Amino acid sequence: MPKRVYGGVELDQYKEPTFSREIRRLDKPEKVYLPIDKEQFSMRYRQRVHQNQPVCPGVYAPLEVRFTGLQTFAHLDTSRQFAVFETAYEDIEDAPLAPIGRPKREYDAISGEDVIEIAKKMAIIDEYDGQYLYQKLQRAKEAGVTVLYANAIDDEPYVSAGMGVLYKMPHEVGIGLEFACRAVGAKESYALVYANVGDLDTPLKGSLSGMKVKKLYGNYPVYKRQAVQYRSGQNEMIGVCALVHLYRACRDDIPQTTCFITVGGSCVANPCNMEVPIGTPVYDIMEKAGLIKNPQVITLGGPMTGVAITDLDVPVEATTRAVITYEENMGASLEHDDCIGCGRCVQVCPRRLMPYYIRKYVKAGKTEECMHLHAERCIECACCSFICPMGIDLVAYVQRYSQELKAIEEAQKSRAQEAPQPQNAGENTQTEEENSCS
Amino acid sequence: MQLTAKNRPYIRESSSMSAISWDFTIAMLPLMIMSYYYYGARPLVMSLFCAASAHIASILCSLLRGKGLVLKDISSLNCGLMISLMMPAAVPYYVPIVGTVFAVCVVKHTLGGLSNNPFNVTAAGFCFASLTYPQMVFLYTLPLEKLPLFGDITAKMVESPAYTLKLGGMPNFDPLEMLLGNYPGPMGATNILVLLTCLLFLVLRRAVRWYVPATFMATAAAIAFLFPRISGGRIDSVIFEMLSGTLLFGAIFLVSSPYSAPKTKLAQVVYAAGCAVLTMGFRYFGAYELGLCPALLIMNAFSHTLDREIFRLRMYLKNRRVQA
C-alpha cells in the first residue's frame, strides 16, 4: 500500500514560459567568483588560467580568466573564500560550452570504474544536494543499488531548471544516466519529474530518448518528502544537470564549469532556463535576462527554500538552481511575532510537527522541555511560514531550537569532561585514616 | 534598485488574520438580519453597543499594558457580536456589555492578549453575564414582536424550549418552526437553517474545519438518542436537543474557533467530543440551561494536554513500528 502523505501546501507553480523556452547560454560574464580552499590556492595577481584548467584542486576555470583577488560574501559563511577572476576573452576565440565534433572516447569503451574516475577528476557536483557525484556513485555501488533515478524534481514555484534540462536535453541526460548505471551496476533507470503543474504549454512526455519518466504528484514538498523513497534502500537519485556534465566529461573530457539555473520572477523581462558559468555574478544574469521592474528581493534558489541576497556581485554556484526576482517582499521576519493561535502551521506540516508549540517553548526559553516535540525532524520546507497569516518566521524558531539544543548538549559534554575523576576506594580510605589520625 | 532581505519563504498564502476574523463577522450578518426581522432594530443596536464596548475595552487594555494605542486590532469585535447574539432580544443593554467587558479585559488581556488566550473569550463572557444576571438572560420574548429600542420592555417573557427540556417536558413547537427560528430563544441561535448556511460558508472559506462541529453535533445527538430527557421518543429527543438553546450556534462559532482549541486533527476531534459530553452533562445535571459555554471552558484547559499527549502517542507508535 503506498505510504500516506500528510500536509504540505498546494502552490501555484508559474513554470511558464521558462519551461517551454529553449535553454539559453550566458557565455561571457565580466568576472567570475570561484569558491576556493585558501590553503590549497596560490596564484599571482593577473596570472592567467585557460578554459577548463584547474584553478585549485576540484575547481576549474569556466573561461579564459586572470586572477585579480580574493573575496568573501556577507550572506555566506565568511570563512568561505572566493577567488575573483576577470575574463580575458578579448584575445581568444569564444570556446563553446557544449561539446561539438566527434567524441574523444568511444562510449562502449568506458567502464564503470572509468566513469567514477572521470567524475572525480572533473569535480562534478550533484546540484540538488551538493555532494560530489563520484562519492555518490561509489556509495551506491557499495550499497548494491539496483535502480537509478535521474532527478528532475522541481517542486518549488518558478524553478524549472531540472525538468527544463530533462526535456530539452534528453539525449545528454539519457547517456549520462547510462554511464551512471554502468558505474553503479544498476539494472533499471528512470527519470523523476514533478508533474503537479497546471499551467504548462508543453505536455510532459512519459518517455524520453529511451528513458521512462516517472511523474510525481502531490503537495509541496515532494523532493524532501515523497522522493526520499527514491534515494534510500536499493534506489538512488542523481540530478539531471550532474548527468549532463557526466556525459560531457566522459565524451570530451570537459570538467563541470557551468550550472543550469532558472531565471524568473515577476521582474524579469525574459524568464528562461540558462546555462551559466559557475561563479557568474547575479548582476550579469540580470543583465542577460533583462529587468522590467525593480525587484525588492532576489533569491538564489526557489521562493520556499532560497536565500535572499542584497549584493548583486554574489556568484552562482554548482548547487544554485534558480535566481528569482520578486516585486514585493513577502518574506517572513522575526519582527512580526503576533501569533493568533489559528493552528494552520500544524495542519500543513509535512512531518506532522507542531510549529505553534515549538515557537511557544523556544520563546519561553524552555528548550529542554521542548524535546518531546521532536523538532529535529524538521526538513525546513517552510510550509508553516508560508501558511502563517501573520507572517511569522517559524523556520527560524526551529533553527533556533536546534542551535540551543546543540549548545545544551555541548555544555553537558564539557561539564562531563571537566567533572573531577572519581578516586579509587583504597586511596579514599587511606586519606580518611590519615585525616582521622591528624 | 533597493534590495531587501527577509527570510524565506518569499511567497505567501493569501489569507491574513483580518481575513479570518472577517469571515466570522460575515457569517454572523445573516443572523443579525434575521434577528432584525423577528425583533426589530433592538438586536442591531445591542450588537453595535457590544462591538463598540469590546473595541474600546481592548484599546484601554492595550494602553494599560503599555502597547500603545492599538486601533487596528478588530479581533475583539467578533467577541462582542457573538455575546450579543447569544442573548435574548429583551435583555437590558448593560448585561451583554458587562459580559463583553469582562471577556475582553479579564479573560483576554489579563491572560496575555491576542496570541495567548487559553480560554474562549466569548464563552467566558457569556458565562459571566448569565451567572451574574440569570433571571434576565434566560427569559425570551416571542418572535415577530417588535421591541422598543430604549426604555422598559412590556412584552410577554417566556422560557425557551431548553428550559422545558430541563424540566423533562416536551416543547410544543413544531420542529419546522424551530428550523425557521420562529420560537423564543437567543437572538442568533434560533435560526437553524441560517446557521447551517453560515457553517457551510465558514467551511468553504476554510475558517472552520468541518470535522469539529460535525463531531460535536454527532456526539451530542448520540447522547440525546441514548439518554433521552423527554418521554416523546429518542428521535424527538435528538431533534429538540439539537434545535434548542445555543447548541448549534456554539458548535459553529465557539467550539470551532481555532484560537483556544487544540491544533492537531485528532486532538480537535477528541476536544469536540469532550465538549459535547460535558455540554450534555451540564444540560442534564446543571442548575441553569447554560451548557455549552462552561463545557467549552473546561475543555479549553485541556487543549495543550490533548495536543501534547496525542503527539507523544503518535511518536511512540511510530518508533515502535520503525523498530519492529
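**Notes on the predicted model**

1. The sulfur of Cys384(A) has its closest cysteine sulfur in Cys381(A), 6.3 Å away, which is too far for a bond. Cys384(A) is buried, at 11% relative accessibility (buried is under 20% relative accessible area, exposed over 50%, partly exposed in between, with a 1.4 Å probe and protein chains only). For Cys388(A) the closest cysteine sulfur is that of Cys342(A), at 6.3 Å, again too far for a bond; Cys388(A) is buried at 9%. The count of disulfides over all chains is zero, a disulfide being a pair of cysteine sulfur atoms within 2.5 Å.

2. On conventions: this is a predicted model, in which local features need pLDDT of at least 70 and side-chain atom pairs count only at pLDDT 80 or more, while totals for chains, interfaces and linings use all residues. Residues are numbered from 1 along each chain as its sequence is written, chains are lettered from A and ligands numbered from 1 in the order in which they are written, and side-chain values use heavy atoms, with hydrogens and water left out.

3. Chain A has eleven helices and 17 strands (DSSP runs numbered from the N terminus: helices are H or I with at least four residues, strands E with at least two). Its C-alpha atoms fill a box of roughly 95 × 55 × 50 Å along the principal axes. Of its 438 residues, 55% count as buried.

4. There are 18 salt bridges over all chains, each a side-chain nitrogen of Lys or Arg within 4 Å of a carboxyl oxygen of Asp or Glu. One of them joins Asp154(A) and Arg321(A), at 2.1 Å from N to O. These partners are 167 residues apart, Asp154(A) in the loop between strand S8 (147-152) and helix H3 (161-168) of chain A, and Arg321(A) in the loop between strand S16 (307-309) and strand S17 (322-326) of chain A. Asp154(A) is buried at 1% and Arg321(A) at 14%.

5. Another salt bridge pairs Glu380(A) with Arg8(B), with the closest N and O atoms 2.9 Å apart. This pair crosses between chains, from the loop between helix H8 (355-363) and helix H9 (383-387) of chain A to the segment before helix H1 (17-39) of chain B. Glu380(A) is partly exposed at 27%, whereas Arg8(B) is buried at 15%.

6. Within chain B, Glu241(B) and Arg283(B) form a salt bridge at 3.0 Å, N to O. The pair links helix H11 (residues 234-243) to helix H13 (residues 265-285), 42 residues apart. Glu241(B) is buried at 0% and Arg283(B) at 6%.

7. Helix H12 (residues 247-255) of chain B has nine of its nine residues buried, so it is largely enclosed by the rest of the structure. Among them are Phe249(B), Gly250(B) and Phe253(B).

8. Phe41(A) and Phe67(A) make an edge-to-face pair, 5.2 Å centre to centre with 65° between the planes. Phe41(A) lies in the loop between strand S2 (31-36) and strand S3 (48-49) and Phe67(A) in strand S6 (residues 65-71), so the pair ties together parts of chain A that are 26 residues apart in sequence. Phe41(A) is buried at 11% and Phe67(A) at 7%.

Methods:
Rings of Phe, Tyr and Trp (its six-membered ring) pair if their centres lie within 6.5 Å; planes under 30 degrees apart count as stacked, over 60 as edge-to-face and the rest as tilted.
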